[in-house]
Amino acid sequence: MPMPLIRAAKFAGAIAVALSMAACANTPNQTGLAGAAVPGSQQDFVVNVGDRVFFETDQTDLTPQGRATLDKQAQWLAQYNRYTFTIEGHADERGTREYNIALGAKRAQSVREYLIARGIDASRMRTISYGKERPVAVCDDISCWSQNRRAVTVLNASS
Amino acid sequence: MSHADRTEAATALTRRRLMLTSAAATATTALMPRGALATVQVQITQGNVQAMPIAIPDFLAGPGAEGDMPRNITQIITSNLTRSGLFAPIDQAAYLEKITNSDSVPRFPDWQAIKAQALLVGKIARQPDGRINAQFRLWDVYNGTQLTGQQFVTSPDNWRRVGHIISDMVYERLTGDKGYFDTRVVFVDETGTKEQRIKRLAIMDQDGANVRYLTRGQDLVLTPRFSPSTQEITYMSFGQGDPRVYLLNIETGQREIVGNFPGMTFSPRFSPDGQRVIMSLQQGGNSNLFVMDLRSKATTRLTDTAAIDTAPSYSPDGSRVCFESDRGGRQQIYVMNANGGPAQRISFGDGAYSTPVWSPRGDTIAFTKQFEGRFAIGVINPDGSGERILTEGFHNEGPTWAPNGRVVMFFRDPAGAPGPSIYTVDLTGRNEQRVPTPGYASDPAWSPLLSASS
């Protein structure tokens with residue numbers, strides 16, 4: 001069913017997704033309140049699986065922690081195979097705009113290839129890069145940069 | 001006469017050489033023909049500019065001239081010449097002679113006494129047909145000669161351009177280089193929080209006036225670049241599907257996607273003849289360079305590497321392309337022939353080099369350099385020699401050249417600041433100036449001269 005609020009929250013992090021789920025709480029099959037994720041829901045994916053992996057500076061290789069997260073993503077996506085999804089690649093601000101666009105694309109590609117290798121059908125996924133254009137954390141030190149170097153698996157609301 | 005009756009797409013501007021008529025001419029010792037070397041000349045040596053003292057009394061109001069226009073045009077000229085760093089306009093309060101007739105010969109000793117080397121006088125009148133008539137004369141104070149003089153007839157709407165064109169003529173006559181004041185800048189206007197930034201394409205005069213927005217902010221837009229004709233820009237836009245390179249006609253608002261590529265295209269730039277757009281295409285994890293002919297729509301692959309090749313920029317003669325690539329590890333600047341083939345790395349310093357942009361003069365390439373967490377704007381010769389840093393700090397990015405190759409514009413997003421601003425810096429690394437914009441601004445691209453006639 002269409003849930004336009006979730007689409008609007010596409011670029012935001014887990015909090016925004018949780019809020020839009022709360023706003024949809026009175027719709028059928030979406031009875032969970034924020035904090036009590038229904039198995040197989042988008043909130044379940046964000047809260048219990050983890051929708052994002054992080055990268056080292058200027059790197060596009062997955063970290064061991066990132067691979068562990070993607071293993072869980074693959075398992076969940078195999079179970080709930082009605083979802084299509086978009087892998088968003090991002091970079092921190094310490095790079096030029098053009099390079100970061102390409103770097104974000106390469107990170108998204110790393111995730112895509114990993115999920116395909118874990119048996120997820122390539123036709124369910126697309127990738128997009130936002131470069132350094134959509135940071136989730138804004139400050140000028142490593143605590144923010146490390147959160148912004150990420151690839152986020154965003155389930156399509158209408159799927 | 002070669003200058004008369006030039007028609008431009010947006011503005012009709014008639015220009016005519018201004019010579020003193022017989023009565024006044026007899027009073028001058030010499031009437032400098034155009035092209036003769038002025039004895040008064042701004043001296044520019046590497047890293048050291050002696051700003052030339054120049055007197056610019058308010059232009060006179062001729063018949064029909066209304067209100068503040070003559071004074072406002074004078075202020076535009078004064079402001080342009082001041083910001084160039086090459087001129088030091090003298091405070092009007094110091095002037096000894098009050099100019100009452102822009103066609104008579106000034107009292108040169110009065111201007112010598114206040115150490116003026118050049119004197120610019122002018123007059124703005126309104127013709128019966130409603131157009132304005134602007135005339136000026138530039139005098140060499142020490143030799144008592146007229147260096148140049150012209151008049152323009154144009155619509156009153158163009159009054160700011162009149163100021164810029166006169167600024168360019170003064171600049172050219174006194175420095176030997178063409179000016180860059182009758183130009184515009186396309187840039188990205190930024191509003192909203194960093195997490196939810198709204199970006200709009202905008203265009204303004206080089207001095208920050210006449211800002212106009214070209215997109216409304218629904219779609220994320222990046223890296224606009226001018227065509228040589230100045231009527232079109234190419235840029236990257238997000239929207240439905242893959243982000244892509246677009247063309248936008250800034251007069252008609254007509255927009256089209258460049259090419260039909262199977263993936264994201266980004267980092268576009270026109271060829272010097274305006275017939276092609278060079279850009280990056282993402283294929284899987286790699287990004288390579290492609291060029292599309294805008295007439296035939298034919299596309300050609302220029303690089304084929306398992307790396308990120310991006311930020312291509314043509315040499316002014318169109319024969320070569322500089323770009324950045326991380327094929328050797330970190331990003332470095334490479335140069336290759338415009339039709340592809342082997343690329344030669346030209347940057348070898350510490351750190352990463354990116355966003356190379358070839359100077360309109362052809363003799364140097366501007367870049368962004370990252371080193372130990374700092375972001376510098378610098379220049380390097382196309383053969384890799386002569387690297388020089390113009391400005392550095394956190395975080396400078398994205399140089400673009402004034403059409404005369406003397407000034408570099410870039411954007412700066414300082415640590416802790418809520419958003420970026422646009423700056424200019426002289427090729428010597430001196431005279432850094434912030435360009436006024438209504439909001440935060442990034443990704444500037446400088447147009448060619450609007451009034452370029454040759």
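User: Which residues in α3(A) meet residues in α4(A)?

Analyst: Contact means heavy atoms within 4.5 Å. D44(A), F45(A), N48(A) and V49(A) of α3(A) meet T69(A), K72(A), Q73(A), W76(A) and L77(A) of α4(A). The residues of this contact divide into 4 nonpolar, 3 polar and 2 charged. This is a predicted model: local features need pLDDT of at least 70, side-chain atom pairs count only at pLDDT 80 or more, and totals for chains, interfaces and linings use all residues. Residues are numbered from 1 along each chain as its sequence is written, and side-chain values use heavy atoms, without hydrogens and water.

User: How do the axes of α3(A) and α4(A) cross?

Analyst: Two packed helices are described by the angle between their axes and the distance between the axes. Here, the axes of α3 (residues 42-49) and α4 (residues 64-79) of chain A come within 10 Å and cross at roughly 155°. The two helices are therefore roughly antiparallel (angles over 145 degrees).

User: Now chain B. Where is P403(B) found?

Analyst: P403(B) lies in the loop between β30 (396-401) and β31 (407-412) of chain B.

User: What does P403(B) touch?

Analyst: Leaving out residues up to four places away in sequence, P403(B) touches Y180(B), T183(B), P360(B), W446(B), S447(B), P448(B) and L449(B). P403(B) and P448(B) are 45 residues apart along the chain, with their C-alpha atoms separated by 5.2 Å.

Note on methods:
Chains lettered and ligands numbered in written order. Axes fitted to C-alpha atoms, helices over the stretch in contact; angles between N-to-C directions. Helix = DSSP H or I, 4+ residues; strand = E, 2+ residues; numbered from the N terminus. Parallel < 35°, antiparallel > 145°, perpendicular 65-115°, else oblique. Nonpolar A, V, L, I, M, F, W, Y, C, P; charged D, E, K, R; others polar.
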